[in-house]
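Here's a quick briefing for anyone meeting this chain for the first time. Take a look at the picture, then read on.

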Amino acid sequence: CISCHQPDFDGTTNPNHSQAGYSTDCATCHTDGTRWAGAIYDHDATQFPLTGAHLATTCASCHADGVYAGKPTSCISCHQPDYDGTTDPNHSQAGYSTDCTSCHTSTTTWQGATFDHGATAFPLTGAHLATTCASCHADGVYAGKPTACVACHQPDYDGTTDPPHAAAGFSSDCASCHTATTWEAATFDHGATAFPLTGAHLATTCASCHADGVYAGKPTACISCHQPDYDGTTDPNHAAAGFPTDCASCHTSTTTWNGATFNHDAQYFPIYSGAHRGRWSSCATCHTSSTDFSVFTCLTCHGKSQTDRDHSGENGYVYDSRACYSCHPRGTH
């Protein structure tokens, strides 16, 4: 063909065959011998096979500069304006790679690009996987963005009231209590404070002890929370009895108030040891006045007839509780 059509080859500008380095074998593209139009160029035989949207693109879209032979094959060589003009997200500010294929795996459309956040200093997990780029990068900062939770969640920290994190002096390291999936069900390690939780305290709500809004520096003495329990107890009446406000001195379990053991034997009449061990059911067995524990009786258990017989011939014997105590201060015969 070229023996007659060299002028056609040399003069063609759409595309410029000579610049493009096209073969002078006209029949490789012009398969219809009746006309030049409709030639089919096999782009797949080049270093840049056409796929996706490129199949419907005109030659001039990529070769308007007249360069065909040795044309760069990297996406950015044609798509630098797309890269520079993109704002959602801003690729240049974000420091994204100019290797378009690292995110845009389809040549059919720009949409549906997948950025591998796992390759950054902040791999996405939990709720972050469904979060839009703008949720964290509305400030336009991508490269060098702080990775600490509070960098994005300071308003959440400051606005939380149950409990108020700032007032409580909670750490701003959100991950120490919260998972990346949800704010709810956060677990605060109370064991790392001056008051590790045990027993019934494990199932107690924060508000039970911190309704006053005090967290940092909260007193750890039992009575600081349990003064109403101390004041309201009638069996026995703690205030009237002059019991210490150190709850732990009698209530050795934090699971329940019941089962408290008062060291009666060391200070007073032995009831946990000796002859009277197991012979009483409550303080009221001996103390008939719940407001005055100096009042007591021995006569509920020790009937007069038996006691009289037991003391037959004893000088000064009187059937009276205080007389009993004066002779038997330790409950022995």
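Predicted model: local features only at pLDDT ≥ 70, side-chain atom pairs only at ≥ 80, totals over all residues.

P15 sits in the loop that joins α1 (2-11) to α2 (17-20), where helices (H or I, at least four residues) and strands (E, at least two) are DSSP runs, numbered from the N terminus. Residues are numbered from 1 along each chain as its sequence is written, and side-chain values use heavy atoms, with hydrogens and water left out.

**Backbone details**

- A cis peptide bond also runs from D88 to P89, with omega near -5 degrees.
- You'll find P89 in the loop between α4 (76-85) and α5 (91-94).
- A185 isn't a glycine, yet its phi is positive, near 60 degrees.
- Look for A185 in the loop between α8 (165-168) and α9 (206-210).
- Is A185 buried or exposed? With 72% relative accessibility, A185 counts as exposed; here buried means under 20% relative accessible area, exposed over 50%, and partly exposed in between (1.4 Å probe, protein chains only).

**Overall build**

- How many helices and strands does the chain have? There are 14 helices and zero strands.
- What would the radius of gyration be for a compact globule of 333 residues? It would be near 20 Å, but this chain comes in at 46 Å. That radius is taken over C-alpha atoms, and the globule rule is 2.2 Å times the number of residues to the power 0.38.
- The C-alpha trace spans about 160 × 30 × 25 Å along its principal axes.
- Of the 333 residues in the chain, 19% are buried.
- Take the contacts (heavy atoms within 4.5 Å) with a separation of 6 or more: 43% of them come from residues 24 or more positions apart.

**Surface and charge**

- The chain's accessible surface is about 22100 Å², and carbon and sulfur atoms account for 56% of that. Accessible areas come from the Shrake-Rupley method with a 1.4 Å probe, and for residues only the protein chains shown count as cover.
- There are 10 positive and 30 negative side chains, and the centres of these two sets lie 27 Å apart.
- For that count, Lys and Arg are positive and Asp and Glu negative, with His and the chain ends not counted. Each charge is placed at NZ of Lys, CZ of Arg, CG of Asp or CD of Glu.

**Cysteines**

- Searching the whole structure turns up zero disulfides (pairs of cysteine sulfur atoms within 2.5 Å).
- C209 is in no disulfide, and its nearest cysteine sulfur, belonging to C225, is 3.9 Å away.

**Two buried helix residues**

- H238 belongs to helix α11 (residues 238-241), and it counts as buried at 12% relative accessibility.
- Which residues does H238 touch, leaving aside those up to four places away in sequence? They are Y230, T233, F243 and H251.
- D265 belongs to helix α12 (residues 264-267), and with 15% relative accessibility D265 counts as buried.
- Not counting residues up to four places away in sequence, D265 touches P270, I271, Y272, S273 and R330.
- D265 and G144 are 121 residues apart in sequence, and their C-alpha atoms are 70 Å apart in space.
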